[in-house]
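Here are my notes for a first look through this one. Have the structure open next to you as you read.

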Protein chains: 2
Amino acid sequence: MTRVFNFSAGPAVMPDEVLQQAAAEMLDWHGSGMSVMEMSHRGREFMSIIDAARADLRELLAVPPEYKILFLQGGGLGENAIVPLNLLGRAAPADGHAPTVDFIETGSWSVKSAVEAKRYANVHVAATSAGNRFTGIPARDTWKLSAAPAYVHVCTNETIDGIEYQFVPEIGGDTNGAPLVADMSSHILSRVVDVSRYGVIFAGAQKNIGPAGLTLVIVHEDLLGHALPICPSAFNWKTVADNDSMYNTPPTYAIYIAGLVFQWLKRQGGVAAMEQRNIAKANLLYDYLDRSAFYENRIDPQCRSRMNIPFFLADESRNDAFLAGAREHRLLQIKGHKSVGGMRASIYNAMPIAGVQALVDYMQEFERVQG
Amino acid sequence: MTRVFNFSAGPAVMPDEVLQQAAAEMLDWHGSGMSVMEMSHRGREFMSIIDAARADLRELLAVPPEYKILFLQGGGLGENAIVPLNLLGRAAPADGHAPTVDFIETGSWSVKSAVEAKRYANVHVAATSAGNRFTGIPARDTWKLSAAPAYVHVCTNETIDGIEYQFVPEIGGDTNGAPLVADMSSHILSRVVDVSRYGVIFAGAQKNIGPAGLTLVIVHEDLLGHALPICPSAFNWKTVADNDSMYNTPPTYAIYIAGLVFQWLKRQGGVAAMEQRNIAKANLLYDYLDRSAFYENRIDPQCRSRMNIPFFLADESRNDAFLAGAREHRLLQIKGHKSVGGMRASIYNAMPIAGVQALVDYMQEFERVQG
């Protein structure tokens, strides 16, 4: 068996150790005689799994005690609707009009999020980099925030565009204390985060956490209990929080895998250690891209993502040859998103630096032969 | 390693063969060098997996071509809200009032479903067996259906109460052609179903299909395109259908496991063959319960579930001893749901008849020693 280097944007590469453990335990978890996917979610075996996962995540991200950690069904797109369904009841204007939500548009995912929120709220785009084809983040001092929005939504790492916030925007002074909601789907656990600066952090699992079909929500307890009456019970954060993510059957196997990833992260030294490795991995690829005239990354260097690195061949007629050669070198899933084109290397926590080095080596070889 | 006999109501027992294959393929699916949970959902490898799963399910349930098969994120409770969100746009009365939905209450799940629908519709309980503590199904000729409901909702197998429809209710003549919506979560694929008699069939995966976090929807194409404007994109059946369940990232690993279960079912001879085995398994346990004065099943014999068999010890002070002894015999997760009490044996497709025999043997032994 030869494992590949898998640069998929998500679902994405998992640590070998996690997959090996999952395979070994598939028919018999810890002598229980059951697979984790066969366990009642209310049985003592699975309860121990979800409790450990929650505690490990709290430790890894230093989540303060006044924040709840929720394991929800679904993914990022669904959560983009579930966020307003949970927060808008808090801020309904007395005149009966729909509340306002502020969005900062920095790429495909923040734009998609605004589309979902429009079903329930007035969406105010407080800043957008659409005019720059989403190659950067509008400077904080250009944001035109509302005086009292229900919340301000940012996507702190744009998976498709390759944009990452390197700062936490201060918004409270301009917005009468509105909470900051951050979609961290594609960079959660890749860098140290000060959770206390956010009202809500959410993330689909299938990049740095585990299998698709699980969404993580970290929410300040003051923001619970304000769902709109139309919010389904299964997605009502207060109900989920009050029942320790067990109001309905959670995606048990995905939570088990996430728990194994959290244990693996702790063995790697935690999030701060991972961040240093992620900086080194990203620098390796960006430095090469910046040195080469054969390849190009078009993102403002202040806003470049460490996780998702889009790049273009200067001569795009060679794209197919580049991808075919990559496949021969067992470097897979490098084709860019169809809305951006070109190539994209997603280098999440589980991608070893050897994988990034193998990609750079191949790119150099391709440039030498074809250039 | 000793596998147990696992009578959990869900998540529930899986076929050993499926788990063995999943373990063997965990780090390298078919020479791809990737785990299925690492694959891009849009890559050719996963596309082949979901296409095969859809085709196998269509064959197993003889789903007519005018029905779409959807793989959705989430579970049964969430789907209980997603059903009205998708169907109520079709039937909004001209006077601006909320449309009416008819429910047949036969146990915990049909009652829970009505609670979710009440957020969006007038709920009319057309019949209920609450007065009989949910030990049967109200006779069809007692149902007081609305003249033109948006749809009629039934739960064709009540997991908690142990009730199963042994008939398909005809409703069209009384309701001006309203579609019949069936929650088949806990008995889908356990018996032959005439799909054409239903407008919508849905099922959470974690009983007879696969891991929790996946919901299957089989919907007549005429019922697509009528979602309420407040329905999130990720849960809009029309959007999901138009994108072959790929509008957002589906729960890829759960779909892979479901596909392995479908292949296993085909090797067992398909649904008709499983139904014969399920009848034999259920008869084995019910016949013993009916012969014994030590144990009791309280469900109308015409409505007994083949999948979920609740029973009581005549002397309930022996419950703890019964459960402890069962655990020693590696017969697990037999405790009844807290709302019903007593015991419950869930004997889904993957439970072999040897498991039911082992349970009956243990029950006889316990009766002999304690009786």
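1. Ala62(B) counts as partly exposed, because 14 other C-beta atoms lie within 10 Å, and a residue needs 20 or more to be called buried. You'll find Ala62(B) in the loop between α2 and β2 (67-73) of chain B. What makes it worth a click is its backbone: Ala62(B) is not a glycine, yet its phi is positive, at about 50°. Keep in mind throughout that this is a predicted model.

2. Is His30(B) buried or exposed? It counts as exposed, because it has 11 C-beta neighbours inside 10 Å. As background, most residues other than glycine have a negative phi, and most peptide bonds are trans.

3. In chain A, Gly10(A) and Pro11(A) are joined by a cis peptide bond, with omega about -10°. Pro11(A) sits in the loop between β1 (5-6) and α1 (16-24) of chain A. Over in chain B, the bond from Gly10(B) to Pro11(B) is cis too, with omega near -10°, and Pro11(B) is in the loop between β1 (5-6) and α1 of chain B.

4. Now for how the two chains relate.

5. The interface itself deserves a slow look. In chain B, 57 residues are in contact with 57 residues of chain A. Elements giving two or more residues to this side of chain B are α1 (16-24), α3 (76-87) and α7 (252-267). Which of them gives the most? That is α1(B), with five residues. By class, this side of chain B has 29 nonpolar, 21 polar and seven charged residues. The copies meet through the same surface, because 100% of the interface residues of chain B are also interface residues in chain A.

6. Within chain A, the domain assignment gives domain 1 (17-267) and domain 2 (269-370). Their centres, taken over C-alpha atoms, are 27 Å apart. Contacts between them involve 24 residues of domain 1 and 24 residues of domain 2. On the domain 1 side, β7 (163-164) and α6 (252-267) of chain A are the elements that give two or more residues. That side has eight nonpolar, 11 polar and five charged residues.

7. Last, a sheet in chain B. Three strands form an open sheet in the order β11-β12-β14, with antiparallel pairing. The edge strands, each pairing on one side only, are β11 (295-296) and β14 (343-346) of chain B. Helix α8 (residues 270-291) of chain B packs on this sheet and touches β11, β12 and β14, with its direction at about 20° to that of β12(B). Strand β12 (residues 308-313) of chain B pairs with β14(B) over four bridges, in the antiparallel sense. To find your place in that pairing, look for Phe311(B), which stands opposite Met343(B) in β14(B).

Conventions. Residues numbered from 1 in each chain as written. Chains lettered and ligands numbered in written order. Predicted model: local features only at pLDDT ≥ 70, side-chain atom pairs only at ≥ 80, totals over all residues. Pairing = 2+ DSSP bridges. Contact = placed C-beta atoms within 7 Å. Axes fitted to C-alpha atoms, helices over the stretch in contact; angles between N-to-C directions. Nonpolar A, V, L, I, M, F, W, Y, C, P; charged D, E, K, R; others polar. Domains from an automatic or database assignment. Buried ≥ 20, exposed ≤ 12 C-beta atoms within 10 Å, placed from the backbone.
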